[in-house]
Amino acid sequence: MAKTFKAVFQSAPNSLYVDLAGHAVCARSSPVAQNFTACLPECLPVAPWTVTVSLNRTSSGKALILRKVFSSMQVFHCDHCQQLIFFENTQCVNCHHPLAYLPDLGVVGSLDPAGEHLWRSPLPQTQGRHYRLCENYTQENVCNWALPAADPAPLCQACRLTRVIPDLSQPGNKEAWYKLEVAKRRLLYSLLQLGCPVTNKTDDPEHGLAYEFLTAPETPGAAPVLTGHAHGVITVNVAEADDAERERRRRQLHEPYRTLLGHFRHEVGHYYWDRLVQDRLRLAPFRAVFGDERADYRQALQAYYHQGPPADWQQRCVSAYASAHPWEDWAETWAHYLHMTDTLETAAACGLSLRPRRADEPALQAASVPSGGSGSFDQLIDNWFPLTYVLNNLNRGLGLPDGYPFVLSTPAIDKLRFVHETIRSALS
């Protein structure tokens, strides 16, 4: 299929060699062109793509890498009536059409029936495409994602990551499972938006990702269930889905912030350390910024829980727990980076800007976030500080604790920059 892309080149050759997700495509453009047309393989998604500014030389000339850019998080509209809808919705409240997240488009869209167990989108770019709803959507009501009709798997991309679910015969576990899956899908959306590699353990046993949602055993003396990561398997204690229990643990551990989504972001940070840093060129720079991860991990955690964080942790880390060990520093910083990008993306999608009456107050021309790990980290951090200012002030106006109870030191910002650059490095 032919599709026209917009791009601005600092210097454009007469012909370009375009590589889309491994598919070679020829495209022609005039010097300093702003538009070019490429014939795409039918197997490629029809969602929007963006063009990297830099052109990499290849044996064929120059390679133009096009990356997929999903629509903004949390702000979607029904394709039938344009009613505002949200990431977790399953039905339009206005026209009552069913809704689903469509992975090839990167959007939550409304659907029309297209035969037994089949659905289609009214969007013109999906003509001829059919979808099936995830089995956890139709049977368990804990998912709202679709998958291509030709996909033989019963579960969507997100649900395939979960290999152990809670015992649904126990009271409250169905509700907990729903909350866990909501947090996981939101995380997965962010990872795909950033361009991070996401595969499951079934398709990639060595490098894939899997989730196990476990409940604490009632047997006296049994080992507790600890939320954590090991070799691509993330264990989440189901109790963390209980708001009251999670708040109790937050107070017990003297944490300013503890959310279910935060757990998912933190633990997947450990997974991506294995994928993007360990035994790679980024390892030596990592040690220069975060410290040497070869320090005994178990001893470091024991020291942290027995003695608490060092007095100067705020001068070096995004959180107290980050001071326990370089691995935890990375995971906390990774989670913080996802907090920032997701919140900034939402603010940008809502059209948020700050125009204070005084020139010495925080201002924000238009909230934005670099997409797909591209763009300037300086732009991201410059937008972040005014946004947290208004976020905390709004919370205080509602009588709530600060929504962003953190202070970022210069070393902590340098660590966030390292995460940003690591993602960019992985993309390139």
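Asn392 sits in helix α8, residues 377-397; helices here are DSSP runs of H or I of at least four residues, strands are runs of E of at least two, and both are numbered from the N terminus. This is a predicted model, in which local features need pLDDT of at least 70, side-chain atom pairs count only at pLDDT 80 or more, and totals for chains, interfaces and linings use all residues. Residues are numbered from 1 along each chain as its sequence is written, and side-chain values use heavy atoms, with hydrogens and water left out.

Asn392 counts as buried because its relative accessibility is 11%; buried means under 20% relative accessible area, exposed over 50%, and partly exposed in between, with a 1.4 Å probe and protein chains only. Its side chain reaches the backbone nitrogen of Tyr404 at 2.8 Å. Leaving out residues up to four places away in sequence, Asn392 touches Asp402, Gly403 and Tyr404, where contact means heavy atoms within 4.5 Å.

Elsewhere, an open sheet of 4 strands runs in the order β16-β17-β19-β18 with mixed pairing; two strands pair if DSSP finds at least two bridges between them. β16 (162-164) and β18 (228-230) are at the edges with a single partner strand each, so one side of each lacks a neighbour in the sheet. Strands β17 (residues 210-214) and β19 (residues 233-237) pair in the parallel sense over 5 bridges, and Tyr211 stands opposite Ile234 in β19. Beyond its neighbours within four places in sequence, Tyr211 is in contact with residues including Leu161, Leu187, Ile234, Phe264 and Val268.

Definitions and conventions
Polar contact = N/O pair within 3.5 Å; in protein donor to acceptor, adjacent residues only side chain to side chain.
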